[in-house]
Amino acid sequence: MMQFDGLRAMFINCSLKRSSGNSHTQVLLNAAGRLMAEQGVTVEHLHMLDHQVPPGVQPDMRKEGWDHDDWPEILWPNIMAADILVIGTPLWLGEESSTCRVLIERLYAMSGELNDKGQSVFYGKVGGCVITGNEDGIKHTAMTLTFALNHLGYTIPPQADCGWIGEAGPGPSFGDEADDGSRVGFDNDFTRRNTTIMSWNLMHLAKMLKGGIPTEGNDRNAFKEGETFGFKLPGDDA
């Protein structure tokens with residue numbers, strides 16, 4: 001068995017519920033987190049609505065007129081310390097939650113930060129997502145979230161999303177207790193398999209990237225100083 005000691009994973013629940021205790025999304029996040037923890041990964045869970053994080057695309061929204069912002073002192077340091085970021089969100093009208101959108105905005109606010117190699121601070125980190133709901137939208141939302149993470153600098157492994165949705169229309173959510181005493185969605189092989197594959201692929205890739213990504217061609221400081229790393233347009237040689 002491979003060893004994953006030394007890796008850190010941050011699971012962020014973007015449920016609209018005020019507390020993570022009764023969040024359906026948290027149930028599936030816990031399953032992925034437990035799997036990683038049993039392989040030696042240091043796992044931390046964070047519920048967005050436990051904190052005051054205003055919307056916006058600046059590192060500290062207090063400078064934009066907000067009275068309070070937990071992002072700079074609480075969320076951002078923990079995200080930066082993690083090798084693996086897993087975003088969990090419910091589906092509403094086929095889209096990620098408004099809380100999840102705030103998280104993406106605040107991550108985007110940090111996109112100008114560079115590591116000591118002149119790369120995005122997200123280089124060498126991996127990301128995935130967990131999505132639950134009782135309506136369609138898993139793949140669409142996964143596409144949105146993994147693109148956002150990749151654009152910021154996260155590396156996305158194969159099959160980095162998982163989720164569960166019930167039948168179309170109103171109905172029980174993941175983990176609800178059914179009439180027979182069973183838990184809704186727990187017997188879904190597709191969800192169980194994809195959650196497992198996502199968790200392992202995140203660990204594998206995070207371990208591979210632990211030393212970072214080579215700087216050839218992606219050093220922003222070098223670009224600023226005039227290095228082009230071989231890029232040319234017609235007429236550049238004139």
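Helices α3 and α4 are roughly parallel to each other, a class that takes in angles under 35 degrees, whereas angles over 145 count as roughly antiparallel, 65 to 115 as roughly perpendicular and the rest as oblique. The structure is a predicted model, in which local features need pLDDT of at least 70 and side-chain atom pairs count only at pLDDT 80 or more, while totals for chains, interfaces and linings use all residues. Residues are numbered from 1 along each chain as its sequence is written, and side-chain values use heavy atoms, with hydrogens and water left out.

**Packing of α3 and α4**

Two packed helices are described by the angle between their axes and the distance between the axes. For α3 and helix α4 (residues 138-152), the angle is about 10 degrees and the axes are 10 Å apart. The axes are lines fitted to C-alpha atoms, for helices over the stretch in contact, and the angles run from 0 to 180 degrees between N-to-C directions. Helices (H or I, at least four residues) and strands (E, at least two) are DSSP runs, numbered from the N terminus.

On the α3 side, the contact (heavy atoms within 4.5 Å) is made by C100, R101, I104, L107 and Y108, which meet T144, L145, A148, L149 and L152 of α4. By class, the residues of this contact are eight nonpolar, one polar and one charged. In this division Ala, Val, Leu, Ile, Met, Phe, Trp, Tyr, Cys and Pro count as nonpolar, Asp, Glu, Lys and Arg as charged, and the others, Gly among them, as polar.

**The buried side of α2**

Helix α2 spans residues 71-81, and its buried residues are W71, L75, W76 and I79. Because they cover an arc of only 90 degrees around the axis, they lie on the same side of α2. The arc is that of the directions from the helix axis to the C-beta atoms. An α-helix has 3.6 residues a turn, so residues three or four places apart point the same way. The cover over the buried residues of α2 includes β1 (8-13), β2 (42-47) and α3 (98-109).

Buried here means under 20% relative accessible area, exposed over 50%, and partly exposed in between (1.4 Å probe, protein chains only).

**Cysteines**

With a disulfide taken as a pair of cysteine sulfur atoms within 2.5 Å, the count is zero. C100, one of the α3 residues that meet α4, has its closest cysteine sulfur in C14, at 4.3 Å, which is too far for a bond. C100 is buried, at 0% relative accessibility. For C129, the closest cysteine sulfur is that of C162, 7.4 Å away and likewise too far for a bond. C129 is also buried, with a relative accessible area of 1%.

G33 belongs to helix α1 (residues 24-38) and is buried, at 3% relative accessibility. Leaving aside residues up to four places away in sequence, G33 touches F11, V43 and H45.

G124 sits in the loop between α3 and β5 (126-133). This glycine is buried, with a relative accessible area of 9%, and touches L209 and I213 when residues up to four places away in sequence are not counted.

R62 lies in the loop between β2 and α2 and is partly exposed, at 35% relative accessibility. With the same exclusion of residues up to four places away in sequence, R62 touches D67, H68, D69, P72 and E73.

The table gives a C-alpha separation for each of these residues.

| Pair | Separation along the chain | C-alpha to C-alpha distance |
|---|---|---|
| G33 and R193 | 160 residues | 15 Å |
| R62 and P72 | 10 residues | 9.8 Å |
| G124 and L205 | 81 residues | 9.1 Å |

**Positive phi outside glycine**

L93 has a positive phi of about 55 degrees although it is not a glycine. L93 occupies the loop between β3 (84-92) and β4 (95-96) and is exposed, at 82% relative accessibility. F229, also a residue other than glycine, has a positive phi near 55 degrees. F229 is placed in the segment after α6 (220-224) and counts as partly exposed, at 27% relative accessibility.
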